Amino acid sequence: MPLRAARVGRVGVIGHPVAKTAVVAKAVTPGAAPVARTAVVAAAVTPGRGRRRRI
Amino acid sequence: MTSTSIDQRQEMTPLDELGPVDYLVVEFPAGKSNFTGEMASELVALVDSGTIRVIDVLILTKDEDGTVEPMELSDVGELGELQAIEAQLAELLAQEDVDHLAAAMEPGSTAGVLIWENLWAAPFASAARRSGGQLIANGRIPIQAIIASIEADEATASEGD
């Protein structure tokens with residue numbers, strides 16, 4: 001089905017071809033249950049409970 | 001109110017009050033798309049709570065040969081809860097955006113494109129601009145990246161045991 005006429009001939013807002021969001025392969029750990037991994041992330045981003053930053 | 005802040009307020013336009021605008025593309029395998037179920041309910045809830053304002057929605061289908069067929073939300077048969085959202089769309093996306101967005105799609109898939117304004121962030125963004133600040137970078141950290149970072153950290157720690 002065609003787009004509405006208002007969309008044709010206008011300058012776009014995206015600006016460039018979009019790349020597929022990359023999935024970090026390392027994060028796919030065999031055997032790690034999704035619930036357990038969610039808990040780990042939650043703990044890491046909770047103020048006062050996260051890791052110490054090493055710079 | 002100081003004279004400076006009065007001047008700044010007089011210079012404000014509706015754009016100064018606009019919250020950050022984001023987009024996402026959600027892809028479904030061929031024949032598995034579902035835009036009016038649970039996803040629609042959650043989207044409507046975000047709108048109703050004033051968290052976001054939906055600016056535009058398009059549905060794209062990419063054929064096996066790479067041809068992209070765009071579809072307006074209004075062309076979807078039964079919109080259900082999305083009816084109210086469809087009536088308020090601003091049609092921001094242009095024809096050329098369709099090709100740019102579809103570049104991320106797999107051949108044979110269908111995707112929903114959503115453009116929205118983060119109403120929750122608008123007051124903070126306006127305040128930052130009035131304070132003279134300028135957004136120079138932003139982005140999203142994938143949960144997978146956080147998990148990978150944590151696991152790498154744990155691996156390093158266990159090596160030290």
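## Salt bridges between the chains

In this predicted model, Glu91(B) and Arg4(A) meet through their side chains in a salt bridge at 2.5 Å, N to O (a side-chain nitrogen of Lys or Arg within 4 Å of a carboxyl oxygen of Asp or Glu). The pair joins two chains, because Glu91(B) sits in the loop between α3 (83-86) and α4 (95-102) of chain B and Arg4(A) in the segment before α1 (34-44) of chain A. Helices (H or I, at least four residues) and strands (E, at least two) are DSSP runs, numbered from the N terminus. Both residues also belong to a salt-bridge network with Arg7(A), Asp56(B), Glu72(B) and Glu86(B).

Turn next to Lys20(A): its side chain forms a salt bridge with Glu27(B) at 3.2 Å, N to O, and another with Glu106(B) at 3.0 Å, N to O.

## The nonpolar core

The largest nonpolar core has 17 residues; such a core is a set of buried Ala, Val, Leu, Ile, Met, Phe, Trp, Tyr and Cys residues joined through side-chain atoms within 4.5 Å. Buried means under 20% relative accessible area, exposed over 50%, and partly exposed in between (1.4 Å probe, protein chains only). Leu43(B), Val54(B), Leu73(B), Leu82(B) and Ile85(B) touch the most other members.

## Notes on the model

The model scores ipTM 0.71 and pTM 0.76. Residues are numbered from 1 along each chain as its sequence is written, with chains lettered from A and ligands numbered from 1 in the order written.

Key: This is a predicted model: local features need pLDDT of at least 70, side-chain atom pairs count only at pLDDT 80 or more; totals for chains, interfaces and linings use all residues. Side-chain values use heavy atoms; hydrogens and water are left out.
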